[in-house]
Amino acid sequence: TIGDGAFQSTQLQSITIPASVTSIRNYAFNNCQKLSSINYADNCRLTSLGESAFNGCPISTFKIPKNLIYMGYQDFSDSLKQIVVEEGNKFFESIDGMLCSKSDNSLVYVPKNKTSVYLPNYVTAIKNGVLRYHQNLQTLVLTAIISDLGESPFCENYNLTEIYCMN
């Protein structure tokens with residue numbers, strides 16, 4: 001386990017998560033403003049990623065390892081362009097760089113550079129904060145009935161002008 005705030009606000013530039021680590025706790029690498037490369041050792045066993053573990057890190061692509069089961073709320077920096085899910089992960093899926101949870105049919109994360117979001121038809125919930133402060137977002141397309149929008153889902157989305165409900 002990498003504990004709460006373990007490397008918070010350090011000058012790390014690159015890390016490789018050892019295969020022995022199964023959990024990264026809340027704020028573990030929070031505000032590491034030079035941390036732009038995160039790698040996983042072969043046979044990575046990471047199953048849990050705490051809230052804001054990599055908040056404020058200038059990562060452009062974040063990879064979800066195949067054993068990850070739980071991911072708390074993340075507020076990556078604006079430099080994140082996409083999330084990639086390692087093949088074989090049964091709980092998460094990356095669609096157009098966004099992260100969806102297959103276990104609870106929810107939208108988990110959307111990079112802030114997205115101008116349009118098209119949700120797959122199995123997504124019925126949008127997690128708290130996922131679309132908040134997305135100032136580039138202009139269009140949202142919902143293809144299923146959304147039963148849970150989370151708190152303040154569209155707060156400060158000044159350019160959001162179109163929401164389409166396809167169901």
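## Exercises on a predicted model

Cys155 is partly exposed, at a relative accessible area of 28%. The model is predicted. Work through the tasks below in order.

**Exercise 1. How many disulfides does the structure hold, and how far from Cys155 is the nearest cysteine sulfur?**

Step 1. Recall the bond itself. A disulfide joins the sulfur atoms of two cysteines covalently.
Step 2. Take the total. The structure holds zero disulfides.
Step 3. Check Cys155. Its nearest cysteine sulfur belongs to Cys165, 20 Å away. The cut-off for a disulfide is within 2.5 Å. Cys155 is in no disulfide.
Step 4. Check Cys165. Its closest cysteine sulfur is in Cys100, at 17 Å, so the gap is too far for a bond.
Step 5. Cys165 is exposed, with a relative accessible area of 59%.

**Exercise 2. Is the ring pair of Phe29 and Phe54 stacked or tilted?**

Step 1. Start with the search. Across the whole structure there are five aromatic pairs.
Step 2. Look at Phe29 and Phe54. Their ring centres are 5.1 Å apart and the planes are at 0°, so this pair is stacked. Planes under 30 degrees apart count as stacked.
Step 3. Phe29 sits in the loop between β2 (23–24) and β3 (37–40). Phe54 sits in the loop between β4 (48–49) and β5 (61–64). They are 25 residues apart, and the pair links distant parts of the chain.
Step 4. Phe29 and Phe54 are both buried.

**Exercise 3. Which class does the pair of Phe54 and Phe62 fall into, and which residues form the aromatic cluster?**

Step 1. Read the geometry. The ring centres of Phe54 and Phe62 are 5.5 Å apart, with planes at 50°, so the pair is tilted.
Step 2. Widen the view. One aromatic cluster is formed by Phe7, Phe29, Phe54, Phe62, Phe76 and Tyr109.

**Exercise 4. What volume does the largest cavity have, and which residues line it?**

Step 1. Count. The structure holds one cavity of 30 Å³ or more.
Step 2. Give the volume. The largest cavity has about 30 Å³.
Step 3. Name the lining. It consists of Tyr73, Gln74, Asp75, Val108, Tyr109, Lys112, Gly129, Val130 and His134.
Step 4. Sort the lining. Four of its residues are nonpolar, three polar and two charged.

**Exercise 5. How many residues line the largest pocket, and which lie nearest its centre?**

Step 1. Give the volume. The largest pocket has about 250 Å³.
Step 2. Count the lining. It has 15 residues. Tyr70, Met71, Gly72, Val108 and Lys127 lie nearest the centre.
Step 3. Sort the lining. Seven residues are nonpolar, five polar and three charged.

**Exercise 6. Where does Tyr118 lie, and which residues does Tyr118 touch?**

Step 1. Locate it. Tyr118 is in strand β11 (residues 116–118).
Step 2. Tyr118 is exposed, at a relative accessible area of 52%.
Step 3. List contacts. Leaving out residues up to four places away in sequence, Tyr118 touches Met98, Val141 and Thr143.
Step 4. Compare sequence with space. Tyr118 and Thr143 are 25 residues apart in sequence, yet 7.8 Å apart from C-alpha to C-alpha.

Methods. Residues are numbered from 1 along each chain as its sequence is written. This is a predicted model: local features need pLDDT of at least 70, side-chain atom pairs count only at pLDDT 80 or more; totals for chains, interfaces and linings use all residues. Side-chain values use heavy atoms; hydrogens and water are left out. Rings of Phe, Tyr and Trp (its six-membered ring) pair if their centres lie within 6.5 Å; planes under 30 degrees apart count as stacked, over 60 as edge-to-face and the rest as tilted. Helices (H or I, at least four residues) and strands (E, at least two) are DSSP runs, numbered from the N terminus. Buried means under 20% relative accessible area, exposed over 50%, partly exposed in between (1.4 Å probe, protein chains only). On a 1 Å grid over the protein atoms alone, a cavity is a set of points where a 1.4 Å probe fits but cannot get out, and a pocket is an open set with protein on both sides within 12 Å along at least five of seven lines; lining residues have an atom within 4 Å of a point. Grid points are joined across faces, edges and corners, and a volume is the space filled by probe spheres set on the points. Ala, Val, Leu, Ile, Met, Phe, Trp, Tyr, Cys and Pro count as nonpolar, Asp, Glu, Lys and Arg as charged, and the others, Gly among them, as polar. Contact means heavy atoms within 4.5 Å.
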